[in-house]
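The following exercises concern one protein model. Each consists of a task and a solution in steps.

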Amino acid sequence: MAMSLPHQIGAISGAPLAADSAGAAIEAPSSATVTAVWRSPAASNLRVSAVDSDRISPSPPLSPRCVRPDLSVAAQALMSPATEVEEDREYVAGGGAQAKDRKGVPVFVMMPLDSVTWNHTVNRKKAMNASLQALKSAGVEGIMMDVWWGLVEEEKPGEYNWAGYVELLEMAKKHGLKVQAVMSFHQCGGNVGDSCTIPLPKWVVEEIDKDPDLAYTDQWGRRNYEYLSLGCDTVPCLKGRTPVQCYSDFMRSFRDTFDHLLGDTIVEIQVGMGPAGELRYPSYPEANGTWRFPGIGAFQCYDKYMLSSLKAAAEAFGKPEWGHTGPTDAGEYNNWPEDTNFFKKEGGGWNSEYGEFFLTWYSELLIAHGERILQSAKNIFENKGVKISVKVAGIHWHYGTRSHAPELTAGYYNTRFRDGYLPIAQMLARHGAIFNFTCIEMRDHEQPQDALCAPEKLVRQVALATQQAEVPLAGENALPRYDDTAHERILQASALNLDGSSGDREMCAFTYLRMNPELFQPDNWRRFVAFVKKMGEGKDTNKCWEQVEREAEHFVHVTQPLVQEAAVALMH
């Protein structure tokens with residue numbers, strides 16, 4: 001999730017993940033506990049474990065520094081206004097976006113991370129009911145909820161307990177709210193805003209403990225338990241199943257359990273593909289102080305499975321000497337680009353033949369990982385009337401540098417001379433999926449200028465890439481913000497006025513971070529109601545911001561008792 005320390009505004013709510021308030025586990029209805037049908041395998045917080053010295057790759061010479069030809073012309077082309085493209089194709093239900101005749105951008109609200117307890121019940125039920133009723137009254141389209149792999153398939157492979165989600169989804173249906181369901185195959189805990197800890201399923205963690213190379217690994221041997229390494233995607237390492245088969249079985253069980261709600265209450269499936277649910281490598285882990293903003297992060301390609309892939313790629317490229325390890329001169333997590341030989345602007349290894357080879361391999365592996373899971377999700381939810389979406393991180397720090405180091409370590413091969421988001425958008429377009437992007441609320445001038453942060457420029461680049469690929473774009477705010485400045489920035493960004501003309505194109509949806517007590521504070525709630533109303537009216541409305549706020553005042557007054565109840569209940 002994109003973030004900036006000066007703007008960690010407000011705390012994300014959520015009591016420690018615990019049993020239901022009554023303290024008793026509620027037995028899951030028989031329909032909510034499902035056993036998977038297995039098929040034969042096909043072809044923490046950051047957990048740092050000590051590794052033997054022979055597991056750490058010896059440091060080879062510095063990255064080759066044969067600088068490529070000057071690409072200033074390409075850079076100028078990237079920064080210039082986009083050329084006209086064909087009119088957006090029409091997306092229908094199940095294909096990725098709202099109908100063209102619909103005006104405005106529907107607003108969804110993220111649920112607390114711990115909305116479902118370990119006892120498979122809804123957490124803080126009274127607060128949840130009051131909150132959902134208030135959101136519906138405000139004109140909110142629906143909610144986004146994390147469906148945690150670590151909760152549902154916690155104890156045994158192939159045994160799923162959906163009871164808590166049965167209850168929560170019925171609650172959403174009762175209040176007339178649509179649902180974006182996130183297939184959360186990552187650990188909760190260790191990223192900005194994580195208010196509770198939900199690890200991967202116990203049996204998965206046991207397998208990682210037996211074979212630590214199933215976890216993403218950096219060059220110093222640190223193992224990251226947030227998400228399984230994509231290097232083992234097709235390895236039958238989880239009790240005879242591959243990770244991709246486990247993700248597929250989980251989604252298939254979800255589909256079968258909630259088939260009656262698909263396309264009606266459940267309108268979108270967001271497929272988790274990495275840490276924080278984002279399609280990226282865990283290159284900037286906050287747990288244990290490993291990474292701090294605005295560090296460049298570190299490459300995550302040192303497990304044996306990824307190194308095997310690198311070795312094969314280097315041999316195929318005719319440079320077998322490049323296949324033993326990743327760059328050894330790329331600095332550490334909290335360095336800045338100019339601190340390193342690999343990322344520095346003049347003569348950096350990133351802009352060499354070696355750099356192009358390595359970064360192409362590293363980024364294409366990530367896109368292939370996304371494609372594998374997306375193809376499975378598309379097949380599973382085909383003809384169910386739901387959209388499929390994928391979340392991409394808004395890594396805006398050091399965006400103003402030539403190398404874009406933090407994006408490169410996360411797997412986005414985006415530099416001053418290369419568009420790293422177009423290949424991702426094109427992959428999503430092949431499957432009719434939505435490109436979901438964060439940091440929509442941020443302005444360039446709000447961020448630390450010495451770190452050359454540029455969230456507005458980054459959002460524009462992503463919007464242009466999705467326009468070129470003809471894929472719908474959805475947005476999220478990266479940090480909790482309740483002020484008019486953030487709301488106005490979201491309104492501007494969601495209008496997608498990329499070339500100065502109004503046009504028909506808008507974001508297909510926006511998801512607001514997050515439902516918590518602060519949202520229901522009187523001033524915040526008043527601003528939020530006006531924001532939702534403005535988003536719903538679309539960019540062609542002639543009403544000014546002040547007029548919309550005046551219209552919202554009556555609603556705020558009428559719903560005050562309900563909102564107060566929600567705020568108080570959420571705090572207990």
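Predicted model: local features only at pLDDT ≥ 70, side-chain atom pairs only at ≥ 80, totals over all residues.

**Exercise 1.** Identify the place of Leu-496 and state its phi.

*Solution.* Step 1. Leu-496 is located in the loop between H12 and S12.
Step 1. The phi of Leu-496 is near 55°, a positive value in a residue other than glycine.
Step 2. With 8% relative accessibility, Leu-496 counts as buried.

**Exercise 2.** Which residues does the UniProt annotation "active site" cover, and why can they be said to gather at one spot?

*Solution.* Step 1. According to the unreviewed UniProt entry, the annotation covers Glu-278 and Glu-476.
Step 1. These residues span 199 residues in sequence, yet no two of their C-alpha atoms are more than 12.2 Å apart, so they gather at one spot.
Step 2. Glu-278 lies in the loop between strand S8 (266-271) and helix H7 (304-317), and it is buried, with a relative accessible area of 0%.
Step 3. Glu-476 is part of strand S11 (residues 473-476); with a relative accessible area of 1%, Glu-476 is buried.
Step 4. Leaving aside residues up to four places away in sequence, the residues that Glu-476 touches include Met-110, Gln-270, Lys-391, Thr-438 and Cys-439.

**Exercise 3.** Locate His-396 and Ala-478, two of the positions at which UniProt places the feature "binding site".

*Solution.* Step 1. The feature, from an unreviewed entry, is placed at several residues, among them Lys-391, His-396, Thr-438, Ala-478 and Arg-514.
Step 1. His-396 is in the loop between strand S9 (387-392) and helix H9 (405-410), and at 0% relative accessibility His-396 counts as buried.
Step 2. Ala-478 is in the loop between S11 and helix H12 (484-495); its relative accessible area is 1%, so Ala-478 is buried.

**Exercise 4.** State which residues the cis peptide bond at Arg-514 joins, and which residues the one at Pro-294 joins.

*Solution.* Step 1. Leu-513 and Arg-514 are joined by a cis peptide bond, with omega about 0°.
Step 1. Arg-514 is found in the loop between strand S12 (509-512) and helix H13 (522-537).
Step 2. A cis peptide bond also joins Phe-293 and Pro-294, where omega is about 0°; Pro-294 is found in the loop between S8 and H7.
Step 3. As background, most peptide bonds are trans.

**Exercise 5.** Describe how helix H8 (residues 353-380) and helix H10 (residues 422-430) are arranged.

*Solution.* Step 1. The axes of H8 and H10 come within 10 Å and cross at roughly 20°.
Step 1. This angle makes H8 roughly parallel to H10, since angles under 35 degrees count as roughly parallel.
Step 2. The crossing of H8 and H10 is right-handed.
Step 3. Ile-367, Gly-370, Glu-371, Leu-374 and Lys-378 of H8 make the contact with Pro-423, Ile-424, Met-427, Leu-428 and Arg-430 of H10.
Step 4. By class, this contact has six nonpolar, one polar and three charged residues.

Technical notes
Residues numbered from 1 in each chain as written. Heavy atoms only, no water. Axes fitted to C-alpha atoms, helices over the stretch in contact; angles between N-to-C directions. Helix = DSSP H or I, 4+ residues; strand = E, 2+ residues; numbered from the N terminus. Parallel < 35°, antiparallel > 145°, perpendicular 65-115°, else oblique. Left-handed = near helix turned anticlockwise from the far one by under 90°. Contact = heavy atoms within 4.5 Å. Nonpolar A, V, L, I, M, F, W, Y, C, P; charged D, E, K, R; others polar. UniProt positions renumbered as here; feature names shortened; annotations may be inferred. Buried < 20%, exposed > 50% of the residue type's maximum accessible area, 1.4 Å probe, protein only.
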